[in-house]
Amino acid sequence: MAPMTERALREIGSDLDRQTFPRVKDRGIVTPSDTAVTITLGEEKHDVSQRRSTTGSWKGTTRGERPAGRSWSPRRTTPFVGASLEARYEEELDEIERAYPGTKVWKQKEGLWLLSKSSLLEGLQRAAIFLVGISYAHAMAHGWGFWKQDMIGVRWIGPRHTNFPDGSICAFYQDDETWIVGDSIIKLLDLYSVWALRHLYLEEFGRWPGPQAVFHPYERLLELRDDEYCGCGQSGQQYGMCCRDRDLARNRIADAVNFTLNFAGGLREPPAAVVRTVYDQSKPPRLDELYLN
Ligand SMILES: [Zn+2]
């Protein structure tokens, strides 16, 4: 990684560790936040010139890793459903093309698929690819992330902060309404961009930057480093200073069995049809099939 690119990544990671949410610009370029706008959803989100300066509540972007069934349950108060959802997203398509140029769109009776590219950092030798399926009928969205790099091809981004069992992106916690179906797809892609950047940071520097939610003790033991934020979400402390010793003192065999039973055997993998679409940009699977599984 070029020194300037690495410096930017390091700086954004430090921001995340200070619970400051970065900015996302067109092409999914993530930059350090240059103001203290950390928490609020900007009023300016409908203003084209400013809309991408704040991409979500911090709180909402930190949670993750829920069993698929729970994380995709429909919202209580979805403002758009069915036809109105379709009309709302039809309207946003031109804007998506400006924010994430080259986005490929497939329309199905039951919803919409998008394949978008995020450059993440200036000078980065790879890009993040997001395949997003939005079901109008179910008022749900799934996204998957992949790295695309010239020599290496395409590689799934995971397993951390993806859902069980299908490896879809878990960039925020559903219940706090960081993003709900009916909200801007650009905002969703921005949240995914920051999620991918955190994965890049994990690869480069060996730790997940910023707060995270990992509620199962056994999963925390498997995944968290001592100097990462604890996944309990309670203390704002590092794992090594917070839950680690308690997690270690528990009955680990029982915890492992519980984890395996409740989290799809602990395995995560994107569906073959999703991988195929990302590889060759062929027609994505029917959304109904996906949501019935
Ligand atoms: Zn803790």
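## Terms and model

Two strands count as paired if DSSP finds at least two bridges between them. Helices (H or I, at least four residues) and strands (E, at least two) are DSSP runs, numbered from the N terminus.

This is a predicted model, in which local features need pLDDT of at least 70, side-chain atom pairs count only at pLDDT 80 or more, and totals for chains, interfaces and linings use all residues. Residues are numbered from 1 along each chain as its sequence is written.

## The chain as a whole

The chain holds ten helices and seven strands. Of its 293 residues, 39% count as buried. A residue is buried if 20 or more other C-beta atoms lie within 10 Å of its own, exposed if 12 or fewer, and partly exposed in between, with C-beta atoms placed from the backbone. Two residues are in contact if their C-beta atoms, also placed from the backbone, lie within 7 Å. Among contacts with a separation of 6 or more, 60% come from residues 24 or more positions apart.

The average pLDDT (the predictor's confidence in each residue, from 0 to 100) is 84 for the chain, and 82% of the residues score at least 70. Over residues 37–76 the pLDDT is below 50, and this stretch has 94 contacts in the model beyond near neighbours in sequence.

## The sheet

Five strands form an open sheet in the order β3-β4-β5-β6-β7, with antiparallel pairing. Strands β3 (104–108) and β7 (153–156) stand at the edges with a single partner strand each, so one side of each has no neighbour in the sheet. Neighbouring strands are turned by 20° against each other on average, direction ignored. Here axes are lines fitted to C-alpha atoms, for helices over the stretch in contact, and angles run from 0 to 180 degrees between N-to-C directions.

The pairs can be followed across the sheet. A hairpin joins β3 to β4 through two residues, and five bridges link these antiparallel strands. Gln108 stands opposite Gly111 in β4. Seven of the eight residues of β4 (residues 111–118) are buried. Eight bridges pair β4 with β5 in the antiparallel sense, and Leu115 has Leu131 in β5 as its bridge partner.

Helix α9 (residues 272–280) lies across β5 (127–135), β6 and β7, and runs at about 130° to β5. Val274, Thr277 and Val278 of α9 are buried. Seen down the helix axis, the buried residues of α9 fall within an arc of 95°, so they line one face of the helix. The arc is that of the directions from the helix axis to the C-beta atoms. An α-helix has 3.6 residues a turn, so residues three or four places apart point the same way.

The buried residues of α9 pack against β5, β6 and β7, while Ala272 and Asp280, on the other side of α9, are exposed. After α9 comes Gln281, whose phi is positive, near 55°.

## A pair of helices

Helix α1 (residues 3–17) and helix α5 (residues 185–205) pack at an angle of about 110°, their axes 10 Å apart. That makes α1 roughly perpendicular to α5. Angles under 35 degrees count as roughly parallel, over 145 as roughly antiparallel, 65 to 115 as roughly perpendicular and the rest as oblique. From α1, the contact is made by Leu9, Ile12, Gly13 and Leu16. From α5, the residues include Leu197, Leu200, Tyr201 and Phe205.
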